[in-house]
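This report walks through a structure for a reader who is meeting it for the first time. Please keep the sequence and the model in view while reading.

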Amino acid sequence: MDLEKMARDMGKAIQESDQYKALAAAKAANDADMQLQELIEKFNMIRIKLSNEMQNETQDSEKIKTLDQELKDTYATVMGNPNMMAFNIAKQEVDDMMQRISGILMLCVNGEDPETCDPTPQGCSGSCSTCGGCH
């Protein structure tokens with residue numbers, strides 16, 4: 001049994017999944033959205049300006065406050081873009097799928113039955129080492 005080949009086959013199957021295809025389409029839509037790309041560039045430039053201003057020995061607190069608010073406003077606009085919203089939903093679905101797959105594999109490594117193990121949290125046990133994440 002070649003586990004590396006099986007992992008590569010699983011990678012191919014993941015790329016054929018509806019979740020992955022939705023993420024790829026959402027990423028392509030983001031890349032094609034010039035208004036969104038300009039907003040992201042604006043956000044990055046403001047972030048750099050804010051970082052530089054905060055590193056100055058003589059900080060201008062009013063300028064920092066203005067840049068910080070501009071950064072927050074631009075971030076909100078970026079995150080409110082329909083293409084970005086669709087991307088974030090698709091990314092979360094892929095992340096959830098991958099977390100479930102990883103959870104199943106970890107349960108199997110810990111001796112659980114591969115046919116029946118379920119990585120879905122059944123409530124908090126208090127042990128973060130076995131936690132699949134808070135939901």
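## Salt bridges

The structure holds 7 salt bridges, a salt bridge being a side-chain nitrogen of Lys or Arg within 4 Å of a carboxyl oxygen of Asp or Glu. This is a predicted model, in which local features need pLDDT of at least 70 and side-chain atom pairs count only at pLDDT 80 or more, while totals for chains, interfaces and linings use all residues. Residues are numbered from 1 along each chain as its sequence is written, and side-chain values use heavy atoms, with hydrogens and water left out.

One of the salt bridges joins the side chains of D9 and K5, with N to O at 3.0 Å; both residues lie in helix 1 (residues 3-16), 4 residues apart, or about one turn of the helix. Helices here are DSSP runs (H or I, at least four residues), as strands are (E, at least two), numbered from the N terminus. D9 is partly exposed, with a relative accessible area of 34%, and K5 is partly exposed at 46%, where buried means under 20% relative accessible area, exposed over 50% and partly exposed in between (1.4 Å probe, protein chains only).

In helix 2 (residues 18-32), D31 and K27 are likewise 4 residues apart, about one turn of the helix, and their side chains meet in a salt bridge at 3.0 Å, N to O. D31 counts as partly exposed at 41% relative accessibility, and K27 is partly exposed with a relative accessible area of 45%. A further salt bridge links K91 with D95, the closest N and O atoms being 3.1 Å apart; because K91 and D95 are 4 residues apart in helix 5 (residues 82-109), about one helical turn separates them. K91 has a relative accessible area of 35% and is partly exposed, and D95 is partly exposed at 33%.

## The chain as a whole

The protein chain has 5 helices and 0 strands, so that, read from the N terminus on, its elements run α-α-α-α-α. Of its 135 residues, 19% count as buried. Among the contacts in the protein chain with a separation of 6 or more, 57% are accounted for by residues 24 or more positions apart, a contact meaning heavy atoms within 4.5 Å.

## Helix 1 and its start

The 14 residues of helix 1 should span 20 Å at 1.5 Å a residue, and its end C-alpha atoms are 20 Å apart, which agrees; the expected span is 1.5 Å times one less than the number of residues. At the start of helix 1, a side-chain oxygen of D2 reaches to within 3.2 Å of the backbone nitrogen of E4. A polar contact is a pair of N or O atoms within 3.5 Å; within protein, one must be able to donate a hydrogen and the other to accept it, and residues adjacent in sequence count only if both atoms are side-chain atoms.

E53 lies in helix 3 (residues 34-55), and at 8% relative accessibility E53 counts as buried. The side chain of E53 reaches the backbone nitrogen of D60 at 3.1 Å. Not counting residues up to four places away in sequence, E53 touches T58, Q59, D60, K63, I64 and L67.

## Helix 5 and its surroundings

Helix 5 has 28 residues and reaches 41 Å from its first C-alpha to its last, close to the 40 Å expected at 1.5 Å a residue. N81 caps its N-terminal end, with a side-chain oxygen 2.7 Å from the backbone nitrogen of N83. The buried residues of helix 5 are M84, F87, A90, V94, M97 and G103, and what covers them includes helix 1, helix 2, helix 3 and helix 4 (61-80).

The axes of helix 4 and helix 5 come within 5 Å and cross at roughly 70 degrees; axes are lines fitted to C-alpha atoms, for helices over the stretch in contact, and angles run from 0 to 180 degrees between N-to-C directions. Helix 4 and helix 5 are therefore roughly perpendicular to each other, a label for angles of 65 to 115 degrees, whereas those under 35 count as roughly parallel, those over 145 as roughly antiparallel and the rest as oblique. Where these helices meet, V78, M79 and G80 in helix 4 contact P82, M84, M85 and N88 in helix 5.

## After helix 5

Just after helix 5, G111 takes a positive phi of about 95 degrees. E112 is found in the segment after helix 5 and is partly exposed, with a relative accessible area of 43%. Leaving aside neighbours within four places in sequence, E112 is in contact with L107 and C117.
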